[in-house]
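Take a moment to look over the sequence and the fold below. Then read on for a short tour.

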Amino acid sequence: MSLEALKVEAECAACIISRGAAEAKEATTNPALRFRAMSDLLRLLTKEFRPTAVPADLGTKRDVVIRWVTGNADPYKRSKRLSNEKALKLLPYVRRLVEEGYTVQDRFKRACLCAIVGNIMEFDIPGHRFTFGSLKKAFRDASKDLVIDDTNKMVELARKAHTVLYLTDNAGEIVFDTLLVEQLKNMGLTVTVAVKGRPIINDATLEDAEVSGMCKVADRVITTGTDSVGLAMNQVSPEFLEVYNCVDLVFAKGMGYAETLTEYKLKKPHLLLFRTKCNPVANFFGVPREKNVAKLMP
């Protein structure tokens with residue numbers, strides 16, 4: 001499958017507005033500020049919504065508008081805390097699912113699947129229904145719907161590699177990422193984990209890395225230096241860029257990274273691990289919606 005860069009589709013506008021309204025509601029109880037945030041967001045879309053736009057970039061700009069207008073730097077703070085708490089309670093059960101694998105390859109695949117299932121922990125995407133109560137069942141059903149499975153290819157590459165950069169996505173989800181990082185460490189790899197430098201949607205930050213136990217599991221935890229959805233190469237910190245350029249392999253969690261990494265000519269293997277939570281991303285990768293993807297790029 002030959003992939004061009006992932007750009008917006010018509011329905012992305014509705015998603016950005018819908019998510020913006022939900023975020024403004026979380027950010028402030030002041031009706032006038034909510035109204036102004038949405039008014040400014042509509043102005044932004046009038047200017048920026050073009051066929052060449054990247055969904056993740058518009059998502060970043062939306063969040064900047066809402067934070068600026070409402071004065072709330074982290075509207076999803078409460079949801080992120082709850083996500084981490086629920087995930088930590090479920091971690092022993094999910095760990096058993098991974099450890100039931102007989103071989104290194106099997107445990108690696110199971111850990112990838114569990115990390116991808118964790119990617120359903122996302123709020124306010126139209127049509128994507130996530131509840132904490134459905135999480136355990138989602139893990140139980142995980143093996144049934146890995147629609148793109150490049151995990152075996154990645155195991156072969158990992159066996160020849162020394163260093164890995166693991167790009168996390170959401171709070172809560174990062175708890176289950178620890179299981180995949182453990183498997184990579186067991187394979188003899190040195191793993192650096194990157195979280196976001198500042199709050200953006202419900203993405204994991206250093207605080208979530210600490211709470212999730214990732215700081216104890218990974219060899220090193222750094223930030224991207226940004227509060228961008230996905231990867232904005234022109235905004236990341238020099239420290240992050242140095243690590244990114246030096247590692248042998250990259251693991252990238254979530255749709256934001258899937259959307260933005262298609263913009264670049266990748267010089268090393270990247271394993272995209274995500275749930276297709278919207279039609280534009282599902283369509284781009286040629287798979288149904290609400291399925292698990294482990295896609296090796298380039």
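First, some housekeeping. This is a predicted model, where local features need pLDDT of at least 70, side-chain atom pairs count only at pLDDT 80 or more, and totals for chains, interfaces and linings use all residues. Residues are numbered from 1 along each chain as its sequence is written, and side-chain values use heavy atoms, with hydrogens and water left out.

## Helices packing together

Helices (H or I, at least four residues) and strands (E, at least two) are DSSP runs, numbered from the N terminus. Let's start with helix 3 (residues 55–70) and helix 1 (residues 11–27), which pack at an angle of about 30° with their axes 10 Å apart. Axes here are lines fitted to C-alpha atoms, for helices over the stretch in contact, and angles run from 0 to 180 degrees between N-to-C directions. Helix 1 and helix 3 are therefore roughly parallel to each other; angles under 35 degrees count as roughly parallel, over 145 as roughly antiparallel, 65 to 115 as roughly perpendicular and the rest as oblique. The crossing of helix 1 past helix 3 is right-handed, meaning that the near helix is turned clockwise from the far one by less than a right angle.

Who touches whom? On the helix 1 side you'll find C12, I16, R19, G20, E23, A24 and A27, and they meet P55, L58, R62, D63, I66 and T70 in helix 3. Contact means heavy atoms within 4.5 Å. Sorted by class, the residues of this contact are seven nonpolar, two polar and four charged. For the classes, Ala, Val, Leu, Ile, Met, Phe, Trp, Tyr, Cys and Pro count as nonpolar, Asp, Glu, Lys and Arg as charged, and the others, Gly among them, as polar.

Helix 3 also has helix 2 (residues 31–48) as a partner: their axes come within 9 Å and cross at roughly 150°. Helix 2 and helix 3 are therefore roughly antiparallel to each other. The residues making the contact are L33, R36, A37, D40, L41, L44, L45 and E48 of helix 2, with L58, K61, R62, V65, I66, W68, V69 and T70 of helix 3. By class, that contact of helix 2 with helix 3 has 10 nonpolar, one polar and five charged residues. Helix 2, too, passes helix 3 in a right-handed crossing.

## The nonpolar cores

In soluble globular proteins, nonpolar side chains tend to be buried together. A nonpolar core is a set of buried Ala, Val, Leu, Ile, Met, Phe, Trp, Tyr and Cys residues joined through side-chain atoms within 4.5 Å. Buried means under 20% relative accessible area, exposed over 50%, and partly exposed in between (1.4 Å probe, protein chains only).

Which residues touch the most other members of the largest nonpolar core? In that core of 57 residues, they are F139, Y166, F176, L180, L184 and F251. Helix 5 (residues 104–118) gives the most to this core, with eight residues. Not counting residues up to four places away in sequence, L184 touches F108, V164, Y166, L189, V191 and F251. Another core lies apart from it, with 29 residues, among them L167, V236, V243 and F274.

D177 lies in helix 8 (residues 173–186). Leaving aside neighbours within four places in sequence, D177 is in contact with A115, Y166, T168, M214 and K253.

L90, in helix 4 (residues 77–99), is in contact with L135, K136, F139 and F176, again leaving aside neighbours within four places in sequence. L90 and F139 are 49 residues apart in sequence and 9.9 Å apart in space, C-alpha to C-alpha.

Here is how accessible several residues are:

| Residue | Relative accessible area | State |
|---|---|---|
| D177 | 0% | buried |
| L90 | 12% | buried |
| Y76 | 2% | buried |
| I201 | 7% | buried |
| E290 | 22% | partly exposed |

Most residues other than glycine have a negative phi, and most peptide bonds are trans. I201 has a positive phi of about 40° although it is not a glycine, and sits in the loop between strand 3 (190–195) and helix 9 (206–212). E290 is not a glycine either, yet its phi is positive, at about 60°. E290 belongs to the loop between helix 13 (279–285) and strand 7. Finally, the peptide bond from M297 to P298 is cis, with omega near -5°, and P298 is in the segment after strand 7 (292–297).
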